[in-house]
Amino acid sequence: GEALLGRIVDARGRPLDGQRPLRNLERRPIERPAPEIMDRAPVTVPLQTGLKVIDALLPIGRGQRELILGDRQTGKTAVAVDAIINQGDDDVVCIYCAVGKRTAAVAKVIATLKEHDAMRYSTVVIATEEAPPGLQFMAPYAAMTIGETFMNQGRDVLLVLDDLTRHARAYRELSLLLRRPPGREAFPGDIFYIHARLLERSTHLKKEYGGGSLTALPIVETEAQNLSAYIPTNLISITDGQIYLSPRLFSKGILPAVEVGRSVSRVGGKTQLAAYRNISGDLRLAYSQFEELESFARFGTRMDEETRKTLARGRRVREILKQPQYRPLTVPEQIAVLVAVNEGVLDQVSTDDIAEAETHIRRAVNDSLSDLSQSILAGDKLTDGDVQALVETARRVIDDRNLARESQEAAA
């Protein structure tokens, strides 16, 4: 119920934040059948994460299940927390469920949510590594039930399950104690089923059933970039796509470290705002061509002019997709900078100055193109005139910046 918003509870609903006791709560079983197929509606409304690389290239829809996976310490939780912070103005209820994580790591997430005023629309369900395996096993189901209650009221919910690798290990521990026959990697035979029956409850309901949605972002940890391990492959097959975070990109400082080539959203463009669809195809093509050519360019072979241009554009796309943590961007800001890099406005800007140029472009769009921003948010397509307006604004900003820099150098 509503009383859980802003609170921190365990898998049994007991408050862990030292605040007033929880009252006026409904009690529901944590194990419930998933909604029937005929009760579900197509996933068509986007869930904006505020991250350019995800919203433009790997869009998530309300009611979708998008897996976040990668090695430890590659920024999986950071991506999910950014998505929660970005829901402040969208009336989306957020639930963060921590399973088997260290207490210090959970405390850091809670502190971040409080710092960005995200706890007012969020609930945190905790079963840390010190909790008994039974509580760790229950926690995701309890969080799912809390989310379903809001979904049945016609509201949109975002559920982050961090992480299901530890959940699977807790279930393995319980199963071995119960002397159930072990299977692959000593997991019990029904390990696939426990995650399938959990994530299948995430959906978008038809209007006659309230029209609410529950979007799940399960997190899973891989070892040595092995996506074909038992638990990761199980979850990849259950979910509607995956966001893969690469330790190679993370070590290079490319954050968020999303490897676009190994990530996919199976709902895809159906959920995107029309403005993204205008630019995402060209952007993905430029980026994938760049990644393919970059490996050959390392050998120092002689390259023609066209290849050099592709590499230069790709480096700028990669720079523009970088984003600081806890700084989600609005849709018009994202569209403006992505159009600028797509149309070659930033080709004359050095890669070291891309971040500064991006800041100026975003500021200019917010100040001078408010009508176009409203049109983008309303889901209207970008016309040729709209693209031209964005390009001219970006060019003006870059020219002003260059003039200011030249005058400073002349004065020096």
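Good morning. The largest pocket of this structure is lined by 32 residues, and those that lie nearest its centre are Q73, G75, K76, T77 and A78. The model is predicted, so to speak of its local features we need pLDDT of at least 70, side-chain atom pairs count only at pLDDT 80 or more, and totals for chains, interfaces and linings use all residues. Residues are numbered from 1 along each chain as its sequence is written, and side-chain values use heavy atoms, with hydrogens and water left out.

On a 1 Å grid over the protein atoms alone, a cavity is a set of points where a 1.4 Å probe fits but cannot get out, while a pocket is an open set with protein on both sides within 12 Å along at least five of seven lines; lining residues have an atom within 4 Å of a point. Grid points are joined across faces, edges and corners, and a volume is the space filled by probe spheres set on the points.

The largest pocket has a volume of about 850 Å³. Which elements supply its lining with at least two residues each? They are α2 (76-85), α3 (103-115), α5 (164-177) and β6 (213-221); here helices (H or I, at least four residues) and strands (E, at least two) are DSSP runs, numbered from the N terminus. Helix α2 gives the most, with six residues. By class, this lining has 14 nonpolar, seven polar and eleven charged residues. In that division Ala, Val, Leu, Ile, Met, Phe, Trp, Tyr, Cys and Pro count as nonpolar, Asp, Glu, Lys and Arg as charged, and the others, Gly among them, as polar.

I turn to the second largest pocket, with a volume of about 430 Å³. It is lined by 18 residues, of which N86, D89, D90, T330 and V331 lie nearest its centre. Two or more residues of this lining come from each of α11 (331-342) and α13 (370-377). Its residues divide into nine nonpolar, six polar and three charged.

Next, the cavities. The structure holds two of 30 Å³ or more. The largest cavity has a volume of about 50 Å³, and its lining consists of V53, I254, P256, V258, V260, Y287, R318 and L321. By class, that lining has seven nonpolar residues, no polar and one charged. The second largest cavity holds about 40 Å³ of space; among the residues that line it are P46, L47, D55, T271 and Y276.

A cis peptide bond joins L255 and P256, with omega about -5°, and P256 lies in the loop between α8 (247-251) and β8 (264-265). A cis peptide bond also joins D162 and D163, where omega is about -5°; D163 is found in the loop between β5 and α5. For context, most residues other than glycine have a negative phi, and most peptide bonds are trans. D117 is not a glycine, yet has a positive phi of about 55°. It lies in the loop between α3 and β4 (122-127). A186, also not a glycine, has a positive phi of about 65° and lies in the loop between α5 and α6.

Buried means under 20% relative accessible area, exposed over 50%, and partly exposed in between (1.4 Å probe, protein chains only). What is the relative accessible area of H195? It is 1%. Not counting residues up to four places away in sequence, H195 touches L164, H167, A168, I231, L235 and I238, where contact means heavy atoms within 4.5 Å. Its side chain makes a polar contact with the side chain of H167 at 3.1 Å. A polar contact is a pair of N or O atoms within 3.5 Å; within protein, one must be able to donate a hydrogen and the other to accept it, and residues adjacent in sequence count only if both atoms are side-chain atoms.

Finally, the cysteines. How many disulfides does a search of the whole structure find? It finds zero, a disulfide being a pair of cysteine sulfur atoms within 2.5 Å. For C94, the nearest cysteine sulfur is that of C97, 14 Å away. C94 is buried, with a relative accessible area of 0%, and C97 is buried with a relative accessible area of 0%. Thank you.
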